[in-house]
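Take a look at the structure below.

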Amino acid sequence: MAEYIQRDQGRTLFGLDPNGYDNSRPDYPSWMFDQLLASGALFKGANVCEIGPATGAATRPLIAAEPGYLTLIEPDLRFSDWLAALTKGLACEVLPVSFED
């Protein structure tokens, strides 16, 4: 039987080692972002909201699309430095709350 990470654990486990997490997780497939662009859901100047960016694996391609404003909802404050460096100079807000909150 498969075991799953409980929701409350998932909000804190990955931040125990942000560098290790960033180095071990695979990138998202580029076709996902290509599809968002092709469908018009993502475009230059769009207001974008990302839930759980952690070290920014999906944030990087979203930034490449040149959003007008980026809202990142990340409950684990241990990713704050990563996200601050990644979004420096952009119109961006990092909300340190869970999506449900």
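Start with Thr 59, whose relative accessibility is 0%. Buried means under 20% relative accessible area, so Thr 59 counts as buried. Keep in mind that this is a predicted model.

Where does Thr 59 sit? Its place is in helix H4, which covers residues 59-64. Leave aside the neighbours within four places in sequence, and Thr 59 is in contact with Glu 50, Pro 53, Leu 70, Leu 72 and Leu 86. Take Leu 72 from that list. Thr 59 and Leu 72 are 13 residues apart in sequence, and their C-alpha atoms are 8.6 Å apart in space.

Now turn to the strands. Strand E2 spans residues 69-73. E2 is mostly covered, with four of its five residues buried. E2 is joined to E1 and to E3. The table sets out the two pairings.

| Strand pair | Residues of the partner of E2 | Bridges | Direction | Residues standing opposite |
|---|---|---|---|---|
| E1 and E2 | E1, residues 47-51 | five | parallel | Glu 50 and Leu 72 |
| E2 and E3 | E3, residues 92-95 | four | parallel | Thr 71 and Glu 93 |

How does the chain get from E2 to E3? The chain crosses through helix H5, residues 80-86. This β-α-β crossover is right-handed. E1, H4 and E2 also make a β-α-β unit, and that unit is right-handed. H4 is the helix that holds Thr 59.

Thr 87 is found in the loop between H5 and E3. Is Thr 87 buried or exposed? Its relative accessible area is 7%, so Thr 87 is buried. Not counting residues up to four places away in sequence, Thr 87 touches Ile 63, Leu 70, Leu 72 and Cys 92.

How much space lies in the largest pocket? The value is about 290 Å³. Its lining has 17 residues. Gly 10, Arg 11, Gly 52, Glu 74 and Pro 75 lie nearest the pocket centre. Which helix gives the largest share of the lining? That is helix H1, residues 7-13, with four residues. By type, the lining divides into eight nonpolar, four polar and five charged residues.

Notes
Residues numbered from 1 in each chain as written. Predicted model: local features only at pLDDT ≥ 70, side-chain atom pairs only at ≥ 80, totals over all residues. Heavy atoms only, no water. Helix = DSSP H or I, 4+ residues; strand = E, 2+ residues; numbered from the N terminus. Buried < 20%, exposed > 50% of the residue type's maximum accessible area, 1.4 Å probe, protein only. Contact = heavy atoms within 4.5 Å. Pairing = 2+ DSSP bridges. Right-handed = clockwise from strand over helix to strand, strands pointing away. 1 Å grid on protein atoms, 1.4 Å probe; cavity = no way out; pocket = protein on both sides within 12 Å on 5 of 7 lines; lining within 4 Å. Points joined across faces, edges and corners; volume = space filled by probe spheres on them. Nonpolar A, V, L, I, M, F, W, Y, C, P; charged D, E, K, R; others polar.
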